[in-house]
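My notes follow in the order of the look-ups.

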Amino acid sequence: MTCKHQTKSLLRFLMIKTAAVRAGIKPGALLRVARCCRLSDAEIRLCQNEILDALKLKFRILKDDPDSALVLFYDPELLAETLADPEKAAYLAGHGYGECRRTGEYLNMLKERCRTMSLPHEVGIFIGYPLKDVMGFIEKAPRTPVARGDWQVFGEPEESLRLMQLYRCAEQLAEKIIETYQDMEICLEQIAGINIHQTARG
């Protein structure tokens with residue numbers, strides 16, 4: 001597969017997986033962005049940056065490994081609203097975010113924690129998982145998940161499963177949009193215009 005084809009395939013994948021963020025349904029999406037082909041380090045970084053910039057979403061590279069980057073794509077307003085939730089802010093304060101007030105400060109701390117551990121599980125809050133599910137996963141015993149899907153569900157499952165379906169429907173609609181339109185700009189506009197009620201109906 002040529003670098004051009006790899007880039008196109010990766011862009012398509014990222015457009016689908018960030019659809020719920022672009023549509024304002026989900027605060028963030030955590031994805032690994034692979035280096036697209038065997039080039040020099042400088043060429044790879046340029047290629048990777050072009051792909052990230054082409055998505056026209058805010059993003060933060062949390063970890064840069066030799067073969068890929070761990071990237072958080074996010075909606076600034078929705079993420080700020082998520083982090084300002086009193087229960088979530090209190091929980092994050094107990095996990096090293098006590099001095100954080102602004103979104104940038106939270107992202108800096110998340111990046112620092114990614115540097116010292118493989119993946120801090122509180123990242124679930126940043127990507128739209130219910131707090132009860134994040135807490136259940138981190139604390140595990142004596143809890144056991146009541147359902148599994150895109151993430152493990154703890155406690156009452158209804159809201160978690162509703163969100164899971166909402167995020168999936170946004171991805172499915174994005175996939176249809178990409179199949180319909182060839183122009184990337186049109187695809188991005190159409191995905192951003194996904195109606196939340198239309199999405200919920202699938």
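The model is predicted. I looked up the largest nonpolar core and found 36 residues in it, with Leu 14, Met 15, Ile 25, Val 33, Phe 73 and Ile 191 having the most contacts inside it. The elements giving two or more residues to this core are helices H1 (3-17), H2 (19-22), H3 (41-54), H9 (158-180) and H10 (184-192), and strands E1 (28-34) and E3 (68-74). H9 supplies the largest share, nine residues.

I then listed the contacts of Met 15, leaving aside neighbours within four places in sequence: Leu 55, Ala 174, Ile 178, Met 184, Cys 187, Leu 188 and Ile 191.

I checked the span of H5 (residues 86-97): its end C-alpha atoms are only 13 Å apart, whereas a straight helix of 12 residues would span 16 Å. Ala 89, Tyr 91, Leu 92 and Tyr 97 are buried in H5. These four lie on the same side of H5, because they cover an arc of only 165 degrees around the axis. Pro 86, Glu 87, Ala 90 and Gly 94 are exposed on the other side. I find the buried residues of H5 packed against helices H4 (76-84), H6 (103-116), H7 (123-126) and H8 (131-139). At the start of H5, the backbone nitrogen of Glu 87 has a side-chain oxygen of Asp 85 within 3.1 Å.

I searched the whole structure for disulfides and found zero. Cys 100 is buried at 7% relative accessible area, and Cys 114 is buried at 0%.

How values were computed: Residues numbered from 1 in each chain as written. Predicted model: local features only at pLDDT ≥ 70, side-chain atom pairs only at ≥ 80, totals over all residues. Heavy atoms only, no water. Expected span 1.5 Å × (residues − 1). Buried < 20%, exposed > 50% of the residue type's maximum accessible area, 1.4 Å probe, protein only. Arc of directions from axis to C-beta. Contact = heavy atoms within 4.5 Å. Polar contact = N/O pair within 3.5 Å; in protein donor to acceptor, adjacent residues only side chain to side chain. Disulfide = S-S within 2.5 Å. Core = buried A, V, L, I, M, F, W, Y, C linked by side-chain atoms within 4.5 Å.
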